[in-house]
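Hi there,

Here is the structure I promised to pass along.

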Amino acid sequence: MELLALSIVPLMATLAGAAILHINNLSRVHNLVESMKHCTVTKKDLYKEMTIPQGSNFCALALTGWVMLVVAMAYLYLLVPTDLPVSYMMQIPDIASGWYGFGAYGLFVAALAILVILGLDKLPESHREFKLTELYSFYSLSKRKKTAIALTVPALGVSIICSAYLGTIYPGRSSLAEVIGFALLALSLGLLVEPIYRESWEVRK
Amino acid sequence: MIKVYLAALVLVFAAIFSVQVVLCQTDGGQGASLDVPPPSPSTASSGGGGHRQIDFDKILKALQEGKQRKPDKFDELKKLLYIEPFVTKDYDKNLSLGLSVSGNKTKTRNDKFIIIASVANPNPPEVRRVLFLSLEVLEPGEKEFRKVNSLPVMILNNEYQENDRGQNISSRIFPELTSFGNLMTVGPAVLRLYVTDGQYNWQYPLKGSEDFILNIINRPPSLENITLQTPEPRPRFKDPIIYMANVTDEDSDLVNVTLHILDEQGQEKRNATQQIKGSGPIAFKANEYGFFGEDDAGKNFTYYYSIDDGINVSNTKNQTGQIGPCIRRGPKLYVDRLDFTAESGSHYWWQRYTFSLRVKNLNPEKYDVGFTLYTNTKSNPLTYVDSKTVTVGAESQVIYFNQTRPFMVTDANETFSYRINYSEYDQRGMDSIEDIGVSINPKIVPYAIFSPVIVANLMAMFLLILGTGLFIERIFKRGIEAQESSSNASARRKQGSSKSRGGNFRKIFAWLKRRG
């Protein structure tokens, strides 16, 4: 199997790990608080007290970063034919080769991601751990970290451009573009999930 | 008969004497001796033993004396001894015979029927004899009768039934003759029945009587829906010209249908024959039979059919509408140098291609000829590209299909071929010419990464995603709500309510974080 196709595995593992750890973090805090208080504490109340304000601008950029992450992954792995079973350029070549093909593809993926995010946002307050819009309200973020998370937006933009380049030269290949696209994607993913992993790591220490 | 009578008498008297001997032996047998002394040859003693020989003279004398002295007893004896002979002088030879056929007596050659022979026998069962039946037929056109059944059909003595009129009737069928399908003639078929019991012979019908006749007829075939199919009212000589008709033959005979093509003088130019069994459609394709050639251009033809089922022959000369085809005159093209050029040597699917063909008319006249261009790939077989009509004369000219876009993205990485059809025939007798092209470049996206199209796509996408993120945050205000929520919590803490779960809770949480 191609290396590029295989590289999706660690990314998906990182994402899955982040999701699990995030839920685990909050669950652990909840259990500890209840054990300390020797009474039942609702998650809603706990989350309300745990909330750390991050600011509207940061939240907007973080949300944009997550949507761009999904679009960047779709561009890198599903735009040109690889060993993966699905490929936009092979399944719908008529649209992919059209003047609006690339933009339509990215916007379609973004729309799907946004729909999922908005759907999760409709969950009750007791399930705030699943809301991506409030992901960072449970973690302390320094200004530097916020800046880094915000910078994932242009980084992912460059990754998308590299993937688009691969699409325009297909069936030609460019290892450099693949590496850059993957590196920026992985770096951005790392920055976006870093607070979760750090929190889990600190607890273990 | 007299011998039988005397033999019977002898047997009886022998029995009587035997009985008398036994009785005498038992009566006179004081001492119960069973030894029977043989009688003396000349004495018929009833009281002694011994071997007695039958003396026919004495029997005869006794019978004569008995006839004279006791005629009643003699008659009675005669009755007891009388045996009816099997054949007596009362055997009735007057059998009544009959022949019948299922349905009426007019039959087609393929009609199925059953021949029934019936016999009325006046004799009682004990007198009857086995009867043997044979059927013979004289078919139309034949001079001698032939036997229908190779083995005679039998009627046994007990195979009769009494009908309403008290007659003893029996009947037999002849499965060997159920139709006249093998006949190739029509006319009367004569049937005769022969019956014999080994001694007497009977015949039906009787000699001199009216024959039993089946009238064999034939239903001749017919043709309907006679049509001539051409791709245009005035076709070219090589165009698909089809003569069609429907044959009907109710007798399901093997019918020969012959198509006769006549020229303008009414002379038969060509004919062709097809066979069909029974009813059904027939079609004569002119190209298959080579009815028309280049020399026939500009001529008008007519046609008719003749049909023959082996018995009846008829034709459709008198029917109207059997006109055509009218072969039109046209050019005789000479084509060569079929070629193409692409916008660039990369042969991308989105590029423009120019196709060309050199053509001229081998005849001196000028004609308008239609040319149509097709391309062919595995993904898009025989795709129409362009067409044009060109006046073709004796001078060569090149026909161009300029700057066409014949391919789609699905043709990428496939080898294409291209074909030009024309409305006349060329020097090879064909109406198209074809050639194989090259492999189309597998590149799918026609734009470079920094082309305005791609840049605009990506920029629009980025801006829309960013704008959507800002818009969602503006709507949901997660960052602001979190701030407000946090502010409220701080305000409560400042109130210093120790009973508030929130205050203690916050401390615990902070403590936990420090521990983390």
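This is a predicted model: local features need pLDDT of at least 70, side-chain atom pairs count only at pLDDT 80 or more; totals for chains, interfaces and linings use all residues.

A cavity here is a set of points, on a 1 Å grid over the protein atoms alone, where a 1.4 Å probe fits but cannot get out, and lining residues have an atom within 4 Å of a point.

Residues are numbered from 1 along each chain as its sequence is written, chains are lettered from A and ligands numbered from 1 in the order in which they are written, and side-chain values use heavy atoms, with hydrogens and water left out.

The largest pocket holds about 590 Å³ of space; a pocket is an open set of grid points with protein on both sides within 12 Å along at least five of seven lines. Of its 25 lining residues, Leu15(A), Ala19(A), Trp66(A), Val70(A) and Leu132(A) are the closest to the centre. H2, H4, H7 and H9 of chain A each give two or more residues to this lining, where helices (H or I, at least four residues) and strands (E, at least two) are DSSP runs numbered from the N terminus. The lining of the largest pocket divides into 22 nonpolar, one polar and two charged residues.

**Where the chains meet**

Chain A puts 61 residues in contact with 46 residues of chain B, contact being heavy atoms within 4.5 Å. About 4500 Å² is buried between the two chains, and carbon and sulfur atoms give 72% of that; buried area is the accessible area (1.4 Å probe) that two parts lose on being put together, summed over both. On the chain A side, Glu49(A), Ser97(A) and Thr168(A) lose the most area to chain B, together 14% of what that side buries.

How many salt bridges does the rule find across this interface? The number is zero, with a salt bridge taken as a side-chain nitrogen of Lys or Arg within 4 Å of a carboxyl oxygen of Asp or Glu. Four residue pairs across the interface are in polar contact, both at pLDDT 80 or more. A polar contact is a pair of N or O atoms within 3.5 Å; within protein, one must be able to donate a hydrogen and the other to accept it, and residues adjacent in sequence count only if both atoms are side-chain atoms.

**Local details in chain B**

Over all chains the structure holds 23 salt bridges. In one of these, Arg129(B) and Asp197(B) meet at 3.3 Å, N to O, and the two residues are 68 residues apart.

Asn441(B) sits in the loop between strand E26 (432-439) and helix H5 (452-476) of chain B. Its side chain reaches the backbone oxygen of Ser346(B) at 3.2 Å and the backbone nitrogen of Lys443(B) at 3.0 Å. His347(B), which is among the contacts of Asn441(B), has a positive phi near 55°.

Two cis peptide bonds are worth a look: Tyr204(B) to Pro205(B), with omega about -10°, and Gly324(B) to Pro325(B), with omega near -5°. Most residues other than glycine have a negative phi, and most peptide bonds are trans.

Best wishes

How values were computed
Grid points are joined across faces, edges and corners, and a volume is the space filled by probe spheres set on the points. Ala, Val, Leu, Ile, Met, Phe, Trp, Tyr, Cys and Pro count as nonpolar, Asp, Glu, Lys and Arg as charged, and the others, Gly among them, as polar. Lists of a residue's contacts leave out its neighbours within four places in sequence.
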